[in-house]
Amino acid sequence: HARRLEGVDENIWVELVSLAEQYKTVNLGQGFPNFSPPSYMREAFSKAVTDEHTLLNQYTRAFGHPPLVKALAQLFGPLFGQDLNPLTNVMVSVGAYGALFSTFQALVDEGDEVIIIEPFFDSYEPMTLMAGGRCVYVSQKPADGGKPLDSGGWRLDLAELEAKINKNTKMLVLNTPNNPLGKVFNKEELEEIANICVKYDLLCISDEVYEWLVYDGNQHVRIASLPGMWERTITIGSAGKTFSATGWKVGWAFGPDCLLKHLRTVHQNSVYHCATGAQEAVAQGFQTELARLGKPECYFVQLRDELQKKRDRLYRCLTEVGMKPVMSQGSYFMIADISVFKSEVPPPTDQNIPYDNYFAKWMMKHKQLAAIPMSAFYSGPHKKQFENYLRFCFVKEDATLEAAEKILQKWS
Ligand code: PMP
Ligand code: GLN
């Protein structure tokens with residue numbers, strides 16, 4: 001095999017998704033909704049593939065179906081404070097994964113250092129390594145040293161971040177709202193991070209796939225909209241998360257043409273193109289929601305309000321059974337400290353694997369409940385420090401949440 005595959009052969013999703021299925025679990029693990037995208041979008045997708053009088057079953061433009069990039073530019077231009085050119089400032093790929101992969105391949109060179117803020121969506125690490133880069137980690141920690149009840153209480157130490165920057169540092173990866181913490185970085189925090197990027201001339205990848213899912217009146221701030229950041233930032237989004245259609249695998253990158261042209265080079269020589277029917281349906285989704293923006297019937301508002309209720313329900317349940325949840329400000333996820341349940345589970349025989357990984361697998365097998373160990377979102381040396389948390393996905397039908405509650409109540 002090629003050298004670039006060394007150290008990236010294991011994947012937490014491949015492993016845990018198959019276990020969750022094997023044990024027929026109530027699945028609060030992998031992040032996907034078990035309800036459908038808006039019906040008008042499903043109809044648009046089905047029309048795209050059944051209509052004999054269009055070319056929607058054929059290739060479309062390589063870097064994004066024209067109506068989709070147009071709608072994206074129209075919606076996001078004002079949010080970034082930029083006049084976006086749909087042909088040069090937007091690129092569509094196969095999910096946010098595809099957009100992320102193109103970004104790392106396009107901008108990270110052999111020997112470049114990439115700063116990753118922990119806990120982090122696991123894919124940033126293998127993507128950095130496959131580009132020949134080196135990962136440098138900065139952990140967010142509970143700010144008061146104790147156990148905050150809100151994900152906003154987990155903070156980045158800016159002095160620590162700055163100390164890790166050297167002449168090889170090329171890029172910083174940010175994810176807000178954050179998977180798995182559910183933390184939404186506030187404007188002051190983002191300004192501080194932006195100042196560091198500008199001061200040291202770093203590029204920034206901002207993964208904002210959960211941008212519409214921000215609760216309790218918290219605001220999603222786009223780092224690319226801050227002074228000095230547009231020209232150095234690639235912002236990543238996902239129709240999967242925006243429209244509850246993770247299986248459609250439509251994602252995109254926004255950025256200045258001087259950076260996006262390099263992403264296009266990777267894309268045209270790898271993916272080249274993604275499913276036209278899915279892009280057509282997502283384009284119609286954005287066109288429709290653009291007209292409803294800010295109104296109560298807008299899907300972005302409806303989904304957010306719906307998910308906030310589900311989050312509250314899960315928080316209540318986890319608290320009642322004695323797990324200590326950390327209130328999520330955004331995203332699909334909430335983490336909870338499972339320490340009190342340790343006495344309910346036979347001790348692990350292998351001390352080398354993080355405890356939460358053992359616990360999650362035991363829970364799947366013996367309680368038919370799936371969640372993801374938090375250590376999956378930390379680098380090797382830091383996993384042991386954060387091995388008492390599980391990540392629960394609350395983007396599920398109420399019946400699924402109820403089934404999970406029953407399992408936890410019976411067990412506690
Ligand atoms: N970024 C984050 C933070 C994620 O949680 C995910 C997982 N869905 C992705 C990117 C990948 O998104 P997609 O399914 O659109 O490839
Ligand atoms: N992003 C989703 C999660 O964090 C799914 C990732 C995946 O399945 N590869 O659960």
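A crossing of two helices is called right-handed if the near helix is turned clockwise from the far one by less than a right angle. That term comes back in the first legend below, and every view here shows a predicted model.

**View 1. Helix α2 against helix α10.** With that definition in hand, the crossing in which α2 passes α10 is right-handed. Helix α2 covers residues 39-50, and the two helices pack at an angle of about 145° with their axes 8 Å apart. On the α2 side, look for Tyr40, Met41, Ala44, Phe45, Ala48 and Val49, which meet Gly277, Ala278, Glu280, Ala281, Gln284, Gly285 and Thr288 in α10. By class, this contact brings together 8 nonpolar, 4 polar and 1 charged residues.

**View 2. Helix α3 against helix α10.** Here helix α3 (residues 66-80) packs on helix α10 (residues 276-291) at an angle of about 30°, and the axes lie 8 Å apart. Angles under 35 degrees count as roughly parallel, so α3 and α10 are roughly parallel to each other. The crossing of this pair is left-handed. From α3 come Pro67, Leu68, Ala71, Leu72, Gln74 and Leu75, and their partners in α10 are Gln279, Glu280, Val282, Ala283, Phe286, Gln287 and Leu290. This contact of α3 with α10 is made up of 9 nonpolar, 3 polar and 1 charged residues.

**View 3. The surroundings of ligand 1.** Ligand 1 has 13 residues around it, and the closest are Gly95, Ala96, Tyr97, Phe121 and Ser238. If you are wondering which element gives the largest share of this shell, turn to helix α4 (residues 95-107), which supplies 3 residues. Sorted by class, the shell around ligand 1 holds 4 nonpolar, 8 polar and 1 charged residues.

**View 4. The surroundings of ligand 2.** Trp13, Gln30, Gly31 and Asn179 surround ligand 2. The shell around ligand 2 counts 1 nonpolar and 3 polar residues, with no charged ones.

**View 5. Gln308 in helix α11.** Gln308 sits in helix α11, which spans residues 299-321. Is Gln308 buried, exposed or partly exposed? There are 17 other C-beta atoms within 10 Å of Gln308, so Gln308 is partly exposed: a buried residue would need 20 or more, and an exposed one 12 or fewer. For a sense of distance, Asp83 and Gln308 are 225 residues apart in sequence and 33 Å apart in space, taken from C-alpha to C-alpha.

Definitions and conventions: Residues are numbered from 1 along each chain as its sequence is written. Chains are lettered from A and ligands numbered from 1 in the order in which they are written. This is a predicted model: local features need pLDDT of at least 70, side-chain atom pairs count only at pLDDT 80 or more; totals for chains, interfaces and linings use all residues. A residue is near a molecule or strand if its C-beta atom, placed from the backbone, lies within 6 Å of it. Ala, Val, Leu, Ile, Met, Phe, Trp, Tyr, Cys and Pro count as nonpolar, Asp, Glu, Lys and Arg as charged, and the others, Gly among them, as polar. Helices (H or I, at least four residues) and strands (E, at least two) are DSSP runs, numbered from the N terminus. Axes are lines fitted to C-alpha atoms, for helices over the stretch in contact, and angles run from 0 to 180 degrees between N-to-C directions. Angles under 35 degrees count as roughly parallel, over 145 as roughly antiparallel, 65 to 115 as roughly perpendicular and the rest as oblique. Two residues are in contact if their C-beta atoms, placed from the backbone, lie within 7 Å.
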